[in-house]
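I opened this notebook to record what I looked up in one structure. The entries follow in the order in which I made them.

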Amino acid sequence: MDIGHRLRTIREERGLSQRELATKAGLTNGTISLIEKNKTSPSVASLKSLLDAIPISMAEFFSPLEDTETPKVFFRQSEFIEISPSSEGQVSLRQLGSVEKHSLQVLYETYPPGADTGPELIVHDGEEAGVVISGEIEVTVENAASVLTPGDGYIFDSRLPHRFRNIGTATCIVVSACTPPSF
């Protein structure tokens with residue numbers, strides 16, 4: 001997906017200038033310009049801030065998967081929706097199903113070594129929980145941080161500032177859930 005083009009299209013549809021969006025999102029209009037020209041990829045936290053300022057969810061931004069009248073129950077790995085900018089060395093968040101049709105959001109998260117959700121802490125409504133499948137991840141929630149390994153998990157109020165960071169040398173896989181859907 002061309003993230004820059006999609007962002008520019010949605011911003012213009014909503015009648016926002018780059019400067020207005022930058023002010024609302026707490027970023028510089030230069031950063032918005034670079035993202036829209038695909039000269040830089042935003043972190044998960046930066047993209048969430050941008051989309052919250054529009055407002056549009058990450059799931060809507062990356063378009064819904066379930067377009068049929070009959071609810072889809074089973075999904076193949078190839079049918080998950082990539083809801084974060086994905087390039088080599090960055091976090092990949094792949095969503096199961098469409099959040100427009102469910103009150104629970106389930107993500108398959110991949111963190112290459114050194115990858116994180118961004119320097120800004122993420123804050124959103126709801127609760128989230130997850131279990132580490134492989135690798136290790138440092139999870140920071142407000143003033144507490146812990147390194148989790150396979151089989152370890154977390155659950156917290158998402159209104160608390162939080163961040164995820166792979167401090168290991170192997171790719172980390174996490175399966176998580178969030179309610180209500182917020183990405």
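Entry one. I took contact to mean heavy atoms within 4.5 Å. The model I examined is a predicted one. With neighbours within four places in sequence left aside, I looked up Ile137 and found it in contact with Tyr111, Val132, Ser146, Val147, Leu148, Phe164, Arg165, Asn166, Cys172 and Val174.

Entry two. I then turned to the largest nonpolar core, which has 38 residues. Ile137 is among the members that touch the most others, together with Leu7, Leu21, Leu51, Ile54, Phe62, Tyr111. Helix H4 gives the most to this core, namely six residues. I noted for background that nonpolar side chains tend to be buried together in soluble globular proteins.

Which residues of helix H3 are buried? In this helix, residues 29–36, I listed Ile32, Ser33, Ile35 and Glu36. Viewed down the axis of H3, the buried residues fall within an arc of 165 degrees, so they line one face of the helix. Their cover includes helix H1 (3–13), helix H2 (18–25) and helix H4 (44–53). Just after H3, I found Asn38 with a positive phi of about 60 degrees.

Last, I looked up the protein chain as a whole. I recorded five helices and nine strands, and from the N terminus on the order is α-α-α-α-α-β-β-β-β-β-β-β-β-β. The radius of gyration is 16 Å, close to the 16 Å that the globule rule gives for 183 residues, so the chain is as compact as a globular protein of that length. Of the 183 residues, 44% count as buried. Among contacts between residues at least 6 apart in sequence, 64% join residues at least 24 apart.

Technical notes
Residues numbered from 1 in each chain as written. Predicted model: local features only at pLDDT ≥ 70, side-chain atom pairs only at ≥ 80, totals over all residues. Heavy atoms only, no water. Buried < 20%, exposed > 50% of the residue type's maximum accessible area, 1.4 Å probe, protein only. Helix = DSSP H or I, 4+ residues; strand = E, 2+ residues; numbered from the N terminus. Arc of directions from axis to C-beta. Core = buried A, V, L, I, M, F, W, Y, C linked by side-chain atoms within 4.5 Å. Rg over C-alpha atoms; globule rule 2.2 N^0.38 Å.
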